[in-house]
Structures are given as C-alpha cells and as structure tokens.
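Please keep the sequence and the model in view while reading the points below.

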Amino acid sequence: MDLQQIERQAGINLSAIFSAPHQQDDLKWAQKQLDGLPDDVAASLFMEYARKHRALGRGRSANIWLRNRIKSTRQMLRKFPLPLWHINTELRRAAVAKEWADRCASILNNMTYGGVQVDALELLLAVKQPADQWGFSPVLPSFVGYKQRKASGEFEADLTMYNMIAGALARLVDDAWWLRKLDKTFGQYQEHAAIIMGKVRAGVSPYASAKAVKEFKQRKAAAAAWLNEMVVANEDLGLEISLADAVAASVANPEVRRAELMVRMRGFEDLAIEQGLVGGFFTVTAPSCFHSYMKSKKGPTYSNKRYIGANPKDTQGYLCNQWAKVRSKLARLDLSIFGFRVVEPHHDGTPHWHMLLFFKPEHEQAIRFVMADYFTRAYREELKVCTRDFDLWGLTLPSGIGMPMRADFIRAIKVESSINYQNFDENSSAVILAHMDRLAKQFKSRQADMFKKISPRFDYKTIDPSQGSATGYIAKYIAKNIDGAYVDDDYEAESSGKHGAEGVAAWASIWNIRQFQQIGGPSVTVWRELRRLREAIDYDDVLELARNASDHSNWQRYVEAMGGTFCKRADRPIQLSKVVNEAANLYGEDITKIMGVMSMSNAVQTRLEGWEIRKPTHNDSQDKAPVSADDAAFALAVDFDSKSGDSRAPWSSDNNCTQSIKTRKRIEKLPLKDQQLIIEAKKLGLDSDSLKRLRAGAVIDVVDASHSGVGGESHKYVRLRDGMLIVSKQVPSAHHALDNDWSDSALDSQFDAIERQRLKVLDAQLREQAWRVLDTDSDVENWISHMAPDVAKRALAQLRQVLDTQQDEQWASPFSYRDSETETDQNISLTTLKDVDDEPF
C-alpha cells in the first residue's frame, strides 16, 4: 500500500502525526512492513499503530507492537495456499471449491483408471493431498496397525474401515463439502484478524467483533423467520405442528437449555451430599502467550507483547489436550470424578474453563495436584515455579494414592540424602524416607505461596455448603453463557449480562466451541428420550423407574436408576434403541437414527416415523403462531394497509369486521417508527415478507415497470438502517458500507456482478434497438425521449458504436464505391448525434 492509500483507508492525517525526520523514517518502515497484507487489515493495523505512535510519544514501542502483530498476521495468512482475494466473496469461494474438488477427483480417477486395484489407505492419502494444503480433513478412522490388521483379514470381516475411507473420498470430491469448509475458514480468518487488530476486547467489542455479532444476529433473525414459515407434518398420523413451536420446546431454546443444565447440576449436587462426597470449583486458563490483549487491574486493556498469534480454536485445542492427559492420569490412579465443565471466553476471545466436580474427600488433594500439574506444564517459568515444586507437592499427598515420582526426582533425593546423612546407604530406605518427610514439611510451610503463584493459570476452591450450594456457585456461569438471564452486569465485558451473552453466543458459533459438557454420569440423551413418554411402563420396572424420575425432573433418582454415578456406559441398564438406514446420506453412508430406549428385556419407541418439514397449507397458514405479538402486529399492519382501500371478493361468508377492528387496535399499539415504516413501505409496494427480509438485513431490488420500452425499468435498492428505509438507484457497494449498518464485502461483490450483468443485457437490447433505428431511419430524439437520463446516454453510446461499425463494414472492401453525398449525410448524422449527446438531461 502506498502512503496515500494508507491515509485514505485509515482516515487519518499522516503529516500531523509523522512530521519530524525520525517519524518520517518510522512511517516509511511501517509502509514497508504493511506491504502485501490485505487492504482492510493493513488499514486497521496502521490506524492502531498511528494512535500508539502519537499517544506513547516514542516510536519504538509502537514499532515493536506493529512488528509483532504483522508477524502474527502473516503467520495466519500462510495457512492459505491461495491469495486471500480468491475466497473473499461467496462466488469466488464457490469457484475455488469446485476447482479443488475437481483436483481431488482427477487424482482419484487417475489412480483408479482402467479398474486398477489400489490400497484404500494409499488412495486416501493421495486424494487428500489438496485438502492437506488447506488443513481440511474429513472424519477418518484410526490407522494404527493398518497393515497388520489388513493382513489378518479384519477389514474384510468388518467393512467399517473401508466404508469410512469411502465416505472420506466422497467428501473430498464434493464441491459442496469444500464450500462449507471454505466458508467456515474464511469466517474464522476474519475473526482472527479482528483479534490481532485489537477489535475484540473490553471497551471495543468483547468476546467477538462487532461485525461477527451483527452477522450472528442476522442469521438468528433469518432462521427465526424461516422457522415461523415452516411446519412439521406427519401425513400418516395426521399430525402437524409449527416448526418454531417444536424448536422452542427443545434444548435449542435458551430457557429450556438453561433450566435443564440447572436441573442436572442440582441432581449431581444432591447425589454428592447423599454419598458424602465433596465438591471443588476449578478455573483453568491458557498461558499468557495465547492472549491477544490483557486487562489491567485498573480496567483498561493493553496489547500483550508475548502474544504468539493463537486464535480461540488453538487455545481450546491446547486445553482439551491437557484435559485428555488429566483424565488418563486420574483413570490410572483410579480417582473418579463427575460434574460439569463450562467454557467461556475472556474479553479478547481467549477461552478458559470452569469445572464443578465432585469426588471422595480422600481424593481431593490428589485430583487437585494432577490437574494443577498438567495445566501449568507449558510456560511454567512465567508463574515463577518449577517442576521440583510439583515434585515436592507430590510428597505431601496421602501414600494410599500411589502417586508415582519422576526418576530424576528420585535420583536427586538419593544424592541429597547421601550429603545430609553420614550413615547413608543406598539400600537404606529409612534414611530416604526421613529426608522425604523433611522435604514435605518444608514445602507445606510455603504451599500457600505456590498456590497463589499458579492461580493465574489454575485456581481451586473447595465448595463450602455453609457459604452456599455448588449449583448456585455455577449458576452465574451457565446463565452468562446462554442468554444472560438474571445477570445484571458482565464485569469481564464491561456491559450488561444480556449484551455479553450475545457476544458469547456469536463467539461459540464462529469457533465451534462446545460451551457445556457433562463429566461422568449417565447419558442425557436417554434422559431426554424418556421425557417424551407420558404413559407409565407397567411391564418393565427398570424403564419405569428411570422414566418416572425423568418425567419429574429428578436427575438424582435418574442417575441412581441408571446404575449410579461411576457406572460405566456399557454397563448402564438402559440404552438407546437405534435403527440404521443403509447408504442413506449424500455420501452413501449409513445413517443411525434414535427410535427409543431399551432395557435388557424390553424396548420402548419414543419417536415416530414419517415426519417432514414443509410450508403450511392454506388452511393452517392462518393459525400459525408468530414469534411475538409485536412481529404479528407489524405483519398484520403491512397486510392490512396493502389490502385496504379497494374491494376484494370475500374469502368466506363469515363477517370479518370484528377481526378488522382488533387488527387496527393492534396496529395502533405499534411504535411510531414502525407505523411510519409501514406507510413508507406501502408507497414502495413492499409486502410483509419483504419487510421481514429487510429487518433481517437484506437489500430489496424494487423494479418499477411503469415505463415502456427497453431500459425504461427503474431499479430502486431498498435497505433498512436504524429503522429507516434507505432508497437508492445504485446498488449498495463498499463505498456506502462505510457509513451504514449494511456492510458485507461478499454481498457487495455479488451486487456488483449482478449490476454488471444487468447493464450487459441492457446494452445488448439498446444495441438491437439502435440498429433498428438506423435501418428505419427513425428519429433519435423520439427514440430516447422516454428513457431515463442514464439509460439514454447508454443508448446514444450504443448508437455511436453501431454507426462506427456500419461505416467500417461499408468501406472495408477496396472495390466499394464511396458516394460523397452519402458520406456527407453520414457526417451530418454524426454531428447531430454529438450535439444531442452534449445536451443536458
């Protein structure tokens, strides 16, 4: 980017900030550093660089910040095998998806041409090479011991391996699969770039960027509109319900989801109290280098100089990897736990975990030690603790736990014992044990100090029933990360609880992060299936006991009916009943569907076959439940205003006067801005469906066909901003996106392509008319008199090209006879045309 382009896109005065000679050198250096970055990223980084340069009063700190941020940005861009502009619009991503799917298909066809037999794994690895360049991969089976398992005939007896490889190959050659991957990757790139540029943090836009939150809201609004337009029908049983009602009754509804989580959490707590278990609240955070921005004790945020360019997905992967090691270690030590895990973001989008776990009292310190050890192993030096500190902590644990010690630590103890004890003998275990006891006592005296040092990364609190319940302790975190209910203020985001919850929901959607997870205990899916049953199961006591507990929302009794908290999944008395539909999906894979539940002796069906999602018929369209009363009144007002004022045939013989009066009363209760919006929409000829699309963020192309002739159609592009209708004759582009709410670079490119195609068709039609005008010697002024000014100019341009073409064709042959009178007439026509073109419209 040159300096003028930087100044224009960043919207700052460079001469006012970089005036001194050394500042001019910094400016040239910054321009060189920004070269090659996407324009929007370069402009945002430079704006922040200029602000830091001016605020700090010295260029060195700003230069270090810019160098580190550009390093992270280039590291992010290197993950893409193509320049980023290839995938910055939906149309381009579709083209790239088809191209790379064709590459995979070409490799597949070349390797199997002529019926050549190829090893399945070898074929998969070859076809997957294009996807590896993007970091894409379908779900794959485990290939550990592949050759030995194949030689033993395992794959011929069980075709699971070959079926999964076939499904992976089918995905790799499918452009729709590629498009989904590209869409998700580009969306995550945009959010990652926003994190690097400082657009995701407290005081700016916590948890997720403003653009991401806006798009998330638009998707939710569009999904809600679609749900209200569809029904779920079962023709065999004659059942039909609103799809919106069905979704509202499921855990997709935030209120239902929050209530279910609280019921399950309360059930676990009651069970723990009954069994004499204790609860612990763990908070786990990633190392500081995963954080783009930090928060000072006084409140303001500042950039983290240790930041390594990680995104929330990378951080979540790190935490999951450490948790997997913790679970393996606890399993080896036979330390059982159960409870819940909540994942929530810091203000800069970096995830951290809260876990409420229950365990036996004698296992508390061992579980705390194992988790602290694994979650602080990376970058442990920043906590000012070392591995020996954890070795000494291990000495304080009960001997019955059987916690192993590192070999290096054992050797160190022997060496220390030989120095401190004159009668030391390597075979004298008593001396070694005495030295270990001495070390353990010394560590206990400074144990609290170590716990304080590691608290930024690992914090633990024992649940004290006298101070409050465990469920009440975690209730805030559950509500905060679902819908913000009963949360007044979000101190992390420095906003209200509801506003913070919107950012958290957008964050989880972008990065595909699972927010809540149950640890231990029975299957919640079985619980949900049993809640579908209303009738008692008299013929099976096991099923009835679990069904009754589920129906009464008693998670504690449900866990007991399912074998207790620590029962293995395979040993649970009730399992899901499933049916397999062979080769039922797009990739020829089997689809497993849940049909009900079953015990050892009986099965109960909880789901019915034959459901389909479709639009409602004419009879049920009037009974469809809207999203809210305001939306219903708004839609009714649009329809009512559009239908009033003229006579129409009645739909039925009923008297609808009362309904009309009620409708008008509902209209009058609408906010004034909505009433004005309806009036303006009526003038433009918009119906209720168009207004719903506008409120969801769409742009409507309104065509006025009142003009006759080619080019007479007038296009008006309508969009909604701050409750007002914005009407323009030009397609909204990136120039308009800077000062309005409707801003999407992908849609801008699509509209530009649509506009170019429309003008191309218009020019072809005008050119055809120009030939007709020339052949019939019609009057040019009469021809363009009914056209709009911009269309008339295009028509004259086409006529000029037609005249030039005709003249070139006429005198192209050397044997053509040039008539001076004809040439003079032609020149007169061209002069006249020029005069007409210069006239103002």
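Two strands are said to pair if DSSP finds at least two bridges between them. With that term in place, Gly596 stands opposite Gln605 in strand S14. The model discussed here is predicted. The protein has 35 helices and 18 strands, and the points below treat some of them in turn.

**The sheet S12-S13-S14**

- Strands S12, S13 and S14 form an open sheet of three strands, in the order S12-S13-S14, with antiparallel pairing.
- Strand S12 (575-581) and strand S14 (603-605) are the edge strands, since each pairs on one side only.
- From one strand to the next, the twist averages 50°.
- Strand S13 comprises residues 591-598, and three bridges connect S13 with S14 in the antiparallel sense.
- Strands of a sheet pair through backbone hydrogen bonds, and the pairing may be parallel or antiparallel.

- Strand S1 (residues 231-234) and strand S2 (residues 239-242) run antiparallel and are joined by four bridges.
- Within this pairing, Val231 has Ser242 in S2 as its bridge partner.
- S1 and S2 form a hairpin with four residues between them.
- In the turn of this hairpin, Gly238 has a positive phi of about 70°.

- In helix H21 (residues 447-454), the buried residues are Gln447, Met450, Phe451 and Ile454.
- Seen down the axis of H21, these buried residues fall within an arc of 100°, and therefore they line one face of the helix.
- Ala448 and Lys452 are exposed, and they lie on the face of H21 turned away from its buried side.
- The packing partners of the buried residues of H21 are helix H17 (364-375), helix H18 (387-395), helix H20 (429-445) and strand S8 (458-462).

**Helix H7, largely enclosed**

- Six of the eight residues of helix H7 (residues 120-127) are buried, so the helix is largely enclosed by the rest of the structure.
- The buried residues of H7 are Ala120, Leu121, Leu123, Leu124, Ala126 and Val127.
- These residues pack against four helices, namely H6 (90-112), H8 (129-134), H9 (146-151) and H11 (160-172).

- Glu260 is buried because its relative accessible area is 12%, and buried means under 20%.
- Leaving aside residues up to four places away in sequence, Glu260 touches Val251, Val524, Trp527 and Arg528.
- Cys320 is partly exposed, with a relative accessible area of 33%.
- Cys567 also counts as partly exposed, at 21% relative accessibility.
- How many disulfides does a search of the whole structure find? The search finds zero.

**The protein as a whole**

- Of the 841 residues of the protein, 41% count as buried.
- The protein exposes about 46,200 Å², and carbon and sulfur atoms supply 51% of this area.
- Among contacts between residues at least 6 apart in sequence, 64% join residues at least 24 apart.

Notes. Residues are numbered from 1 along each chain as its sequence is written. This is a predicted model: local features need pLDDT of at least 70, side-chain atom pairs count only at pLDDT 80 or more; totals for chains, interfaces and linings use all residues. Side-chain values use heavy atoms; hydrogens and water are left out. Buried means under 20% relative accessible area, exposed over 50%, partly exposed in between (1.4 Å probe, protein chains only). Helices (H or I, at least four residues) and strands (E, at least two) are DSSP runs, numbered from the N terminus. The arc is that of the directions from the helix axis to the C-beta atoms. Contact means heavy atoms within 4.5 Å. Axes are lines fitted to C-alpha atoms, for helices over the stretch in contact, and angles run from 0 to 180 degrees between N-to-C directions. Accessible areas come from the Shrake-Rupley method with a 1.4 Å probe; for residues, only the protein chains shown count as cover. A disulfide is a pair of cysteine sulfur atoms within 2.5 Å.
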